[in-house]
Amino acid sequence: MDPIDMAVRVLRRDGLIVYPTETVYGLGADALSEDAVLKVYEAKNRPLSRPISIAVSDMDMLGAVAVLDEAARAFIERFLPGPVTVVLPAKSCLPAILTGGTGLVGIRWPDHEIALAIIARLDSPITATSANVSGEIPPTRPEDVYVPNDYVVDGGELPGTPSTVVDLTTRRILRKGAEWEAVEAFLKTLR
């Protein structure tokens with residue numbers, strides 16, 4: 001069976017997949033299923049107070065799960081798809097567990113054809129947290145993945161630089177990663 005079809009089949013049953021992005025391997029679950037998201041927290045041994053980012057495959061999907069203003073749209077058009085996570089107000093269709101009680105959600109729009117194909121075929125966002133136990137090094141190869149999962153999509157060795165995380169509600173960088181200098185420069189133009 002085609003690996004993308006297999007991944008989607010697992011996701012539709014609230015299972016966990018490991019998938020490649022342009023940064024590191026992600027742990028994916030159907031982001032609209034509270035049961036599936038809970039499995040991600042358990043697999044990573046992550047406190048429920050820490051939000052989990054999600055990944056989308058296009059602008060329509062992003063707009064369906066988060067509130068966008070003009071500045072957010074301009075930022076997204078400049079940096080996504082790419083190795084940047086944008087933090088935006090979550091819409092009510094997302095399980096509250098994803099936001100860790102903040103009302104905000106981190107969103108990745110990965111620049112990786114396998115990740116995009118899985119999300120597009122599922123036609124729903126998936127979780128976009130690294131496929132590691134909380135606090136450990138994010139995996140760059142399938143053989144480095146030790147978290148419980150139901151299926152691994154092998155994308156070979158990945159670069160390993162984590163995404164830059166930007167809170168677009170405060171226009172601040174929360175984590176410096178790939179392309180952070182360009183992100184910082186662009187944020188200054190939004191003020």
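**Exercise 1. The hairpin and its sheet**

Strand 1 and strand 2 (residues 25–28) pair in the antiparallel sense over four bridges. Work out how many residues separate strand 1 and strand 2 in their hairpin, and in what order the four strands of the open sheet stand.

*Solution.* The model is predicted.

Step 1. Find the turn. Four residues lie between strand 1 and strand 2, and the two strands form a hairpin. Across this pair, Ile17 faces Gly28 of strand 2.

Step 2. Look for another partner of strand 1. Strand 1 (residues 17–20) runs parallel to strand 8, and two bridges join them. Here Ile17 is opposite Tyr151, and Val18 is opposite Val152.

Step 3. Write the order. The open sheet of four strands reads 7-2-1-8, with mixed pairing. Strand 7 and strand 8 (151–152) each have a single partner strand, so they stand at the edges and one side of each lacks a neighbour in the sheet.

**Exercise 2. The two faces of strand 1**

Decide which residues of strand 1 lie on each side, and whether they are buried or exposed.

*Solution.* 

Step 1. Start from the rule. Side chains in a regular strand alternate between the two faces of the sheet.

Step 2. Apply it. Ile17 and Tyr19 share one side, while Val18 and Pro20 take the other.

Step 3. Check burial. The cut-off for buried is under 20% relative accessible area. All four residues are buried, and both faces of strand 1 are covered.

**Exercise 3. Two sides of a helix**

Which residues of helix 4 are buried, and which are exposed on the other side?

*Solution.* 

Step 1. In helix 4 (residues 70–79), the buried residues are Ala71, Ala72, Phe75, Ile76 and Phe79. Their arc around the axis is only 130°, so they lie on the same side of helix 4.

Step 2. Glu70 and Glu77 are exposed on the other side.

Step 3. Find the packing partners. The buried residues of helix 4 pack against helix 3 (59–65), strand 4 (82–89), strand 5 (104–109), strand 9 (164–167) and helix 6 (180–190).

Step 4. Link to the core. The largest nonpolar core has 59 residues; Phe75 is among those touching the most other members, together with Leu62, Leu88, Ile107 and Ile118. Beyond neighbours within four places in sequence, the contacts of Ile107 include Leu62 and Leu88.

Step 5. Inspect the N-terminal end. Asp69 caps helix 4, with a side-chain oxygen 3.2 Å from the backbone nitrogen of Ala71.

**Exercise 4. Backbone exceptions**

Where is the cis peptide bond, and in which loops do Asn45 and Glu179 lie?

*Solution.* 

Step 1. Most residues other than glycine have a negative phi, and most peptide bonds are trans.

Step 2. The cis bond joins Leu80 and Pro81, with omega about 0°. Pro81 is in the loop between helix 4 and strand 4.

Step 3. Asn45 has a positive phi of about 55°. Asn45 lies in the loop between helix 2 (34–44) and strand 3 (54–55). Its relative accessibility is 62%, so Asn45 counts as exposed.

Step 4. Glu179 has a positive phi of about 60°. Its loop runs between strand 10 (172–175) and helix 6. At 38% relative accessibility, Glu179 counts as partly exposed.

Notes:
Residues numbered from 1 in each chain as written. Predicted model: local features only at pLDDT ≥ 70, side-chain atom pairs only at ≥ 80, totals over all residues. Heavy atoms only, no water. Pairing = 2+ DSSP bridges. Buried < 20%, exposed > 50% of the residue type's maximum accessible area, 1.4 Å probe, protein only. Arc of directions from axis to C-beta. Contact = heavy atoms within 4.5 Å. Polar contact = N/O pair within 3.5 Å; in protein donor to acceptor, adjacent residues only side chain to side chain. Core = buried A, V, L, I, M, F, W, Y, C linked by side-chain atoms within 4.5 Å.
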